[in-house]
Amino acid sequence: MPTPSPASAPIRRLTLRDLTACADLSEDRGWPREEHKWGFLLTAGTGYGIDDPGGGLVAACTVTEYGPHGRPSLAAIGMVLVAERHARRGVGRRLMRHVVSELGTTPLTLHATPYGRPLYEELGFKVTGRAEMVRGRFTPVGPEPGIATRAATAEDLTTILRLDEEVFGADRTPIVTRLPAFADQLRVAEEDGRIIGYAAAWPNMDTHVVGPLIARDTETAKALIGSLAARTDRPLRTDIDARHEELLAWVRERGLAVVAPNAVMTYGITELPGDWNRRFAPLTVAAG
C-alpha cells in the first residue's frame, strides 16, 4: 500500500499518549515544548492531529469547548502547528477546515499570530480584538493596591465558578475545576467577605503564566497580579486584553515588557460573550 501524503492522511483525535509528539511539534516550530500546557489542553479539551508516516505529527491543534455538554455555546481553537518540513503545503488549511466543520454551528474564537492570521481570515474568521503578551520579572513600585487577596480554598470553588461564568459568558466548569491541580497558585480578591476576582499562576517552562485573570476592576486585577508575583521567583507572563490600557501600563512600569501582540478572532459571532471589562486575561490564548 502506498504511504499516504500529509495532504490526504487521516485527521484523528489526539490523546495524552500523543503528548510527547505534540511537544516535539512545538519544538520543531521554535516554540517551547510546553508539555504541562499540552497535557492540560488534551485533557480538558480535544486535540486533532495528522500523523507523519515517518513518526510524530505533521500537524496538530486543540479545541476547548464551553457551555452545556454536547451543546457548547463557544469553542476556542489553539496550538495550531504544522511541522516545518510540511509547511506551506495546505496542511494547516486542511486541518482547520476539518475542525471548523466538526464544530458545526458552534461559535468559534482563536488568538492569531501575524503569521497565522491570513489563513484564518481566508476561512472566515474576523478580527474582533487584540491581546498583548507581556513577560518579565515583576518588581513592585509605589503603593500597593489596597484590596485584600488570599489563597483560594475548596469552599470558594462554587463562587468562583459562578463569577467566572458571569464574566466569561459561558460555563467553564471543566477548565476552572482543574485549576487547583494545574496551577501553582490560585488566589481570590475579597471585599467585605465577597469574592470580587480571582487569578491563577501556572508553570510554563521557566515562567509563571498569570491566567485566568477575572476582576471587578483594574485595581483588583493589579492586586491579584501583585499577590501572585510576591509568591514566585520566576518571571511572569500573561496575555492582557489590549483594551485594558491602564493595567498594561502598570505591568510595564513593573518590569513586564510586551513580547508579542495577538489578534483575537471570532467565527459565527461578531464579538465574544461576557463582560470584557472584568475579563483581563485568559487562562492561555490557546483556550480563549
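Residues are numbered from 1 along each chain as its sequence is written, and side-chain values use heavy atoms, with hydrogens and water left out. Because the model is predicted, local features need pLDDT of at least 70 and side-chain atom pairs count only at pLDDT 80 or more, while totals for chains, interfaces and linings use all residues.

Select His 111 to begin, which lies in strand β5, residues 108-112 (strands, E, of at least two residues, and helices, H or I, of at least four, are DSSP runs numbered from the N terminus). His 111 has a relative accessible area of 18% and is buried (buried means under 20%, exposed over 50%, partly exposed in between, with a 1.4 Å probe and protein chains only). Beyond its neighbours within four places in sequence, His 111 is in contact (heavy atoms within 4.5 Å) with Ala 131, Asn 262, Ala 263, Val 264, Val 285 and Gly 288.

Next, select Glu 191 in strand β8, residues 185-191, which is partly exposed at 32% relative accessibility. Leaving out residues up to four places away in sequence, Glu 191 touches Ile 196 and Arg 216.

Finally, select helix α5, residues 157-168, whose 12 residues should span 16 Å at 1.5 Å a residue, in agreement with the 16 Å between its end C-alpha atoms (the expected span is 1.5 Å times one less than the number of residues). Colour the buried residues of α5, which are Ile 160, Leu 161, Leu 163, Asp 164, Val 167 and Phe 168, and then step to Gly 169, which follows α5 and has a positive phi, near 90°.
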